[in-house]
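This briefing describes the architecture of one protein model, moving from the overall fold to helix packing and then to selected residues. Please read it alongside the sequence and structure shown below.

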Amino acid sequence: MPDVKHFDEAEALAAAEQLFWRRGSAATGIQDVVAATGLSRSSLYNAFGGKDDLYAAAARRYLEHRSRPMFDQLAADGRGLVAVRAFFDKLLRLRLSGEYAGWGCMMANANTESPPDAVRAVLSEHHAVLRDSLAAALTVAQGNGELRAGIEVQGAAELLTLLAYAINLRSRSGATRAQLKAAVTAALTALAT
């Protein structure tokens, strides 16, 4: 007869997500995960596999529950550059205030490590979804005549994607809102008519 799980797998994954988000994979041992989730090693291994598998599942959860809703909202906004500004304003708020201030973005943080292949796949997806969402907003902006002549939407979307990652990383190391906002303003001013 198979073992019956006596824990909430989603709750355990959420705890692991926060642990990996705050500390990264390299600095997080399986004993740290045991302490954060309250589960035994065997329960963790039975439910999620090894540490790399758990890290990949936590990264996937972060993408689906935290990043994708924000990116989908940006892509569907329909206000062009106003939507892009609103996205970056929200990003600054999330990174510099509230419960997760100073944590950065789990995906940006993972890019600084040497993640396993399963996590690399999630990172690539995260990057593509963010870039495509920014491209959608920039396409609207271009249609509205808000972008300078000659701006290539895909290249500009890639630039803004990299800016978002930089904001996430610099927010972890003490950059001020004024510093980060100045970078956003400079980037958007360079694109606008």
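How many helices and how many strands make up the secondary structure of the protein? The model, which is predicted, comes to nine helices and zero strands. Followed along the sequence, the pattern reads α-α-α-α-α-α-α-α-α.

**Overall dimensions and burial**

- The C-alpha trace of the protein spans about 65 × 35 × 25 Å along its principal axes.
- The protein has 193 residues, of which 44% count as buried.
- Among contacts with a separation of 6 or more, 71% are accounted for by residues 24 or more positions apart.

**Packing of α5 with α9**

- Helix α5 covers residues 81-96 and helix α9 covers residues 177-191; their axes are 11 Å apart and pack at an angle of about 165°.
- Because an angle over 145 degrees counts as roughly antiparallel, α5 is roughly antiparallel to α9.
- The crossing of these two helices, α5 and α9, is right-handed.
- On the α5 side the contact is formed by V84, R85, F88, D89, L92, R93 and L96, which meet R177, L180, K181, V184 and L188 of α9.
- By class, the residues of the contact of α5 with α9 comprise seven nonpolar and five charged, with no polar ones.

**Packing of α2 with α3**

- Helix α3 spans residues 41-48, and it packs with α2 at an angle of about 95°, the two axes being 10 Å apart.
- Since angles of 65 to 115 degrees count as roughly perpendicular, α2 is roughly perpendicular to α3.
- From α2, the residues I30, Q31, V33, V34 and T37 meet R41, L44 and Y45 in α3.
- The contact of α2 with α3 divides into five nonpolar, two polar and one charged residues.

**T28, in the loop between α1 and α2**

- T28 is located in the loop that links α1 (9-23) to α2 (30-37).
- The relative accessible area of T28 is 1%, so this residue is buried, the cut-off being under 20%.
- Through its side chain, T28 reaches the backbone oxygen of G24 at 2.5 Å.
- Setting aside residues up to four places away in sequence, T28 touches L19, F20, R23, V33 and K51.

**T161 and N168, in helix α8**

- T161 belongs to helix α8, which runs over residues 153-172; N168 also has its place in helix α8.
- T161 has 0% relative accessibility and therefore counts as buried.
- Residues up to four places away in sequence aside, T161 touches H127, L130, R131 and L134.
- N168 has a relative accessibility of 4%, and so counts as buried.
- Beyond its neighbours within four places in sequence, N168 is in contact with L91, R95, G104, C105 and A108.
- One of these contacts, with R95, includes a polar contact of 2.4 Å between the two side chains.
- A polar atom of the N168 side chain also lies 2.9 Å from the backbone oxygen of A164.
- N168 and T193 are separated by 25 residues in sequence, and their C-alpha atoms are 27 Å apart in space.

Note on methods
Residues are numbered from 1 along each chain as its sequence is written. This is a predicted model: local features need pLDDT of at least 70, side-chain atom pairs count only at pLDDT 80 or more; totals for chains, interfaces and linings use all residues. Side-chain values use heavy atoms; hydrogens and water are left out. Helices (H or I, at least four residues) and strands (E, at least two) are DSSP runs, numbered from the N terminus. Buried means under 20% relative accessible area, exposed over 50%, partly exposed in between (1.4 Å probe, protein chains only). A polar contact is a pair of N or O atoms within 3.5 Å; within protein, one must be able to donate a hydrogen and the other to accept it, and residues adjacent in sequence count only if both atoms are side-chain atoms. Contact means heavy atoms within 4.5 Å. Axes are lines fitted to C-alpha atoms, for helices over the stretch in contact, and angles run from 0 to 180 degrees between N-to-C directions. Angles under 35 degrees count as roughly parallel, over 145 as roughly antiparallel, 65 to 115 as roughly perpendicular and the rest as oblique. A crossing is left-handed if the near helix is turned anticlockwise from the far one by less than a right angle, and right-handed if clockwise. Ala, Val, Leu, Ile, Met, Phe, Trp, Tyr, Cys and Pro count as nonpolar, Asp, Glu, Lys and Arg as charged, and the others, Gly among them, as polar.
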